Amino acid sequence: MGCVESKLVATIKYRRVEKDLDKKVAEALKERTKSKKKTFRSVNSITMGLPRFKEGLRNIRDVFDQYDEDSNGTIDNEELRNCLNKLQVQMSEEEIDNIHRYCDIDNRKGIQFPEFVVFLCLMYLLFGSDVTYRVSEFESARLNYVFDELIDAFLFFDKDGNGKMKRKDVTQRMNEATHQERTPSHITSQLFKEMDLNRNGHVNLKEFLLSIIRWAGIETDDDEARNETSP
């Protein structure tokens, strides 16, 4: 009974943490819309940008390997603390625990490479370009550009501007081009389902980012490269 109760308390606490961080991200997105012009005007323009996203994020693997100190393919809580210290992001112990759990999207007790990309993009959104400069002085301009485009792609779909993309948003955006045939509903439904990782009926920024990373093939290419170099 005590074990069940403990798990229930942990679940409730995590949902509260998730909600609080989603709120912070939504507020940052709302501020962003006030100060920036829209980058994307169609779904096609986002699709055409996938190779650009992929190329711009390629070098983050070296950064991930740097903080994956035991080379086990995941960044644990202590390694994340070292990372945040290097990025000079000030957080309490509890806040670090919360951001670690928030970015551990598949709940494997560690942040894997695609989740690390999501983590860096969220840090860029919440704390500004100093983060990417400390990630890599030479690559910071490229990272800023790619992260800006990824965030703007989410905002293109998030028509209400509340940090929660809905199925109707995807359907409407997919069918806005008047010169194209209407996208079948089963395709838009499947697309939304792929992004809605926790099946709660809306897609937040981290879910969208992870989906874009998967569609761009960043994770697949990295796995193939590792297999080629392994004995």
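In which helix does Lys206 lie? Lys206 belongs to helix H12, residues 205-216. Helices here are DSSP runs of H or I with at least four residues, strands are runs of E with at least two, and both are numbered from the N terminus. The model is predicted, so local features need pLDDT of at least 70, side-chain atom pairs count only at pLDDT 80 or more, and totals for chains, interfaces and linings use all residues. Residues are numbered from 1 along each chain as its sequence is written, and side-chain values use heavy atoms, with hydrogens and water left out.

The protein chain holds 13 helices and zero strands. Its elements, read from the N terminus, run α-α-α-α-α-α-α-α-α-α-α-α-α. The chain has 231 residues, and 45% of them are buried. Buried means under 20% relative accessible area, exposed means over 50%, and partly exposed lies in between (1.4 Å probe, protein chains only).

Lys206 has a relative accessible area of 4%, so this residue counts as buried. Its side chain reaches the backbone oxygen of Tyr102 at 2.6 Å. Ile46 sits in helix H2, residues 43-48. Ile46 is buried because its relative accessibility is 6%. Ile46 and Glu149 are 103 residues apart in sequence. In space, their C-alpha atoms are 8.7 Å apart.

Helix H7 covers residues 113-127. At 1.5 Å a residue, its 15 residues should span 21 Å. The expected span is 1.5 Å times one less than the number of residues. The end C-alpha atoms of H7 are 21 Å apart, which agrees. H7 is mostly covered, with 13 of its 15 residues buried.

The UniProt record, an unreviewed entry, places the feature "domain: EF-hand" at residues 55-90, 145-180 and 183-218. UniProt positions follow the numbering used here, feature names are shortened, and annotations may be inferred rather than shown by experiment. Residues 55-90 are 61% helix and 0% strand, and their end C-alpha atoms lie 30 Å apart. Residues 183-218 are 67% helix and 0% strand, with end C-alpha atoms 26 Å apart.

A cavity is a set of points where a 1.4 Å probe fits but cannot get out. A pocket is an open set with protein on both sides within 12 Å along at least five of seven lines. Lining residues have an atom within 4 Å of a point. Grid points are joined across faces, edges and corners, and a volume is the space filled by probe spheres set on the points.

The largest pocket holds about 500 Å³ of space. Its lining has 25 residues, and Glu18, Asp22, Asn198, Asn200 and Asn204 lie nearest its centre. Helix H1 (2-35) and H12 each supply at least two lining residues. H1 gives the most, with ten. The lining divides into nine nonpolar, eight polar and eight charged residues. Ala, Val, Leu, Ile, Met, Phe, Trp, Tyr, Cys and Pro count as nonpolar, Asp, Glu, Lys and Arg as charged, and the others, Gly among them, as polar.

The structure holds one cavity of 30 Å³ or more. The largest cavity has a volume of about 40 Å³. Gly56, Asn59, Ile60, Val63, Val135, Ser136, Glu139 and Leu143 line the largest cavity. Four of these lining residues are nonpolar, three are polar and one is charged.

Note on methods
Polar contact = N/O pair within 3.5 Å; in protein donor to acceptor, adjacent residues only side chain to side chain.
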